[in-house]
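Please read the following report alongside the sequence and the model.

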Amino acid sequence: MSLSLAQAKSNTLSGLTVAFALVPEAIAFAVIAHVNPLTGLYAAFMMCLITAVLGGRPGMISGATGAIAVVVVALVVQHGVQYLFAAVVLMGLLQLLFGALRLGKFIRMVPHPVMLGFVNGLAIVIFLAQMPHFQQHGQWIAGHTLWVMLGLVAMAIVIIYLLPRLTRAVPSALVAILAVAVLTNAFGIETRTVGDLASIRGGLPSFHLPDVPWNADTLRIVFPYALIMAMVGLIESLLTLNLIDEMTDTRGKPNRECLAQGTANVVTGLFGGMGGCAMIGQSMINVGAGATHRLSGIVAGLGLLSFILFGSALIERIPLAALIGVMFVVSAKTFAWGSVRVLGKVPRADALVIVAVTVVTIFTDLALAVLLGVVISALVFAWQHASQIEVDTHTDAQGRRIYELKGTLFFASTRNFQNLFNPKDDPQQVIVEFGRARVMDHSAIEAIDTLAERYQKLGKRLQLRHLSPDCAELLLKAGGMIESNAAEDPHYHLADDRLG
């Protein structure tokens, strides 16, 4: 897709803004993972560049993330950084397999309340991640130092919110970062800078295979970590992709994104990076500035590399307050404030999912939060539909009892289905009409067979009408009781484990 001059400009400037924002986050996540800051910076550069070129969602930004960092802490502490690199390579291979099997599409099954909980939880995590910058040597800063930092943070926030009212020619976040940096350096204002975290000066990352024994013992050590990293990375990446799809009213390619994430992590592990995934904060900065093309991610990745190679002295002088202000705004814009207003209006189950996913994301990890939300949603769905199967009964002119089923017959509704019938009191001929019912799974098949057996034991004639052909084929005990009509019988595929 060709870019206009205006689009190229906005994507380039937004990518540069993202590059600035990537620096302190990559350093912070490297510290969390107990690795060298350059390990985090290299990961951010490689993840950002490769996924920008190959990914399924132009405009989405990937890099070193806290979600991955917290998973690998124990591995690094117990076995060393080389095992981390091996785990990152294996993580990438698992993600490639996931994409090759075209499993990325299943992220579309994540319910909307889970998405709301996801964005709310990550918004709070982004906000809380800035708090360590207000500490020194384990103690909260205070007095003049604190007030100066808060003033600079406020200045950055004001610029970000007010500048778009005057002009949108340049990203307001970039102007905020540069304005705070110029102010502090021009007037000699003492405040914490990027350089206080760590030096970002380095060379190009070099290729090397992880220095670990290539045997089954190593695989047993790294595989559990790699599997968790792969799933956490894909869930965060695909949910971020979904979110950007909604924001831009476009459709990304989840399977392609899985392949891109896998490729990026394999390369990252082989070049001394700590691995990563999509970053919702940086992605919001980028998309919020209107940068929805691959150029923005490419500029961000190359910009970060140039900082490492050539611009470390300048970047290290950028006040942390400027970057904190940017991330505070990202946090506020990411949080779905509308979800708070509707908590009392949506069904209680949906409200529970929103709150549960938010809380679990904050206190544990994203993968567990999303899994919990999906499970709760699925159980609520099953419970509601289990109670929606019903029957209308009447006796025709020939004295036959007619049962006209309505609803969905599946594992959760089979008990209610059985309770709808009274074989002992029914006449000798009974007809069950399935024209307005849908048979969904193997449990439903077994329920129909069980019903047929109940009538057979009483010597009564049961007739089953309007079953789908694939359902009829799977019936064992009721096979001879089916009245078939090719013109009227429904045609749908049955989800059954005996079909493989």
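Cysteine 277 is buried, with a relative accessible area of 0%, where buried means under 20% relative accessible area, exposed over 50% and partly exposed in between, with a 1.4 Å probe and protein chains only. This is a predicted model, in which local features need pLDDT of at least 70 and side-chain atom pairs count only at pLDDT 80 or more, while totals for chains, interfaces and linings use all residues. Residues are numbered from 1 along each chain as its sequence is written, and side-chain values use heavy atoms, leaving out hydrogens and water.

A search of the whole structure finds zero disulfides, a disulfide being a pair of cysteine sulfur atoms within 2.5 Å.

| Cysteine | Relative accessible area | Closest cysteine sulfur |
|---|---|---|
| Cysteine 48 | 1% | 13 Å, in cysteine 277 |
| Cysteine 277 | 0% | 12 Å, in cysteine 258 |

Helix H5 (residues 112–129) has 18 residues and spans 25 Å from its first C-alpha to its last, close to the 26 Å expected at 1.5 Å a residue; the expected span is 1.5 Å times one less than the number of residues. Helices are DSSP runs (H or I, at least four residues), numbered from the N terminus. Among the buried residues of H5 are Pro113, Phe118 and Ile126, and what covers the buried residues of H5 includes H8, helix H10 (280–288) and helix H16 (366–386).

Leucine 227 lies in helix H8 (residues 216–248) and counts as partly exposed because its relative accessibility is 38%.

Key. Helix = DSSP H or I, 4+ residues; strand = E, 2+ residues; numbered from the N terminus. Contact = heavy atoms within 4.5 Å.
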